[in-house]
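Q: Hi! Could you walk me through this one while I have it open on my screen?
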Amino acid sequence: MFSKTCEYGIRATIFIASQSYQNNRVGLKDIAKKIDSPEAFTAKILQILSKSSIINSVKGVGGGFEISKLAMKEITLAQIVTALDGDRVFTGCGLGLDSCSEDHPCPVHDKFKAIRNELAFMLENTNLEELALGIKSGETFLRY
């Protein structure tokens, strides 16, 4: 459903938010370790998220990545997915065809359209705060 970049990006953002909720900035090495992602790959993902204003990067001693508590309430999973994967999850064909529409549907068009709409609703209505609080409380996890 999501690219590996997007999966790691969602995990990284949730981890950063959970740490920011406790007023902690977190460094690249810690993020990569906690989400079980290669460091160089994580760095590229964090750069995209920072340029998209989803996370904040603070340089220097005591620096790292953070997300303000106010921003956590506003940032949705849809914004993270769009920043990393574009809008293909919202508009793409279930079979990956370049041309798939109401006028020229693929064999799974109607069934996939319903799933895609439910997914879009979930992504647009899930904010970072609720996901970070699940990690903080120990109810949810980012790795096994």
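Predicted model: local features only at pLDDT ≥ 70, side-chain atom pairs only at ≥ 80, totals over all residues.

Q: Great. At what angle do H1 and H3 cross?
A: Helix H1 (residues 4-20) and helix H3 (residues 39-51) cross at roughly 75°, and their axes come within 10 Å. That makes H1 roughly perpendicular to H3, because angles of 65 to 115 degrees count that way.

Q: Which residues in H1 meet H3?
A: Lys 4, Thr 5, Tyr 8, Gly 9, Ala 12, Thr 13 and Ile 16 do, and on the H3 side they meet Phe 41, Ile 45, Leu 46 and Leu 49. By type, the contact residues divide into seven nonpolar, three polar and one charged.

Q: How many aromatic pairs are there in the whole structure?
A: A search turns up one. The ring centres of Tyr 8 and Phe 41 are 5.6 Å apart and the planes are at 85°, so the pair is edge-to-face. Tyr 8 in H1 and Phe 41 in H3 are 33 residues apart, so this pair links distant parts of the chain.

Q: Is Tyr 8 buried or exposed?
A: Tyr 8 is buried, at 12% relative accessible area, while Phe 41 is partly exposed at 28%.

Q: What sits over the ring of Tyr 8?
A: The charged end of Lys 4, 5.6 Å from the ring centre. Elsewhere, Lys 69 lies over the face of Tyr 21, at 5.4 Å from the ring centre.

Q: Switching topic: where does Thr 76 lie?
A: In the loop between helix H4 (69-74) and helix H5 (77-85). Thr 76 is buried, with a relative accessible area of 16%.

Q: And what does Thr 76 touch?
A: Leaving out residues up to four places away in sequence, Thr 76 touches Leu 123, Glu 124, Thr 126 and Asn 127.

Technical notes. Residues numbered from 1 in each chain as written. Heavy atoms only, no water. Axes fitted to C-alpha atoms, helices over the stretch in contact; angles between N-to-C directions. Helix = DSSP H or I, 4+ residues; strand = E, 2+ residues; numbered from the N terminus. Parallel < 35°, antiparallel > 145°, perpendicular 65-115°, else oblique. Contact = heavy atoms within 4.5 Å. Nonpolar A, V, L, I, M, F, W, Y, C, P; charged D, E, K, R; others polar. Buried < 20%, exposed > 50% of the residue type's maximum accessible area, 1.4 Å probe, protein only. Phe/Tyr/Trp six-rings, centres within 6.5 Å; stacked < 30°, edge-to-face > 60°. Lys NZ or Arg CZ within 6 Å of the ring centre and 35° of its normal.
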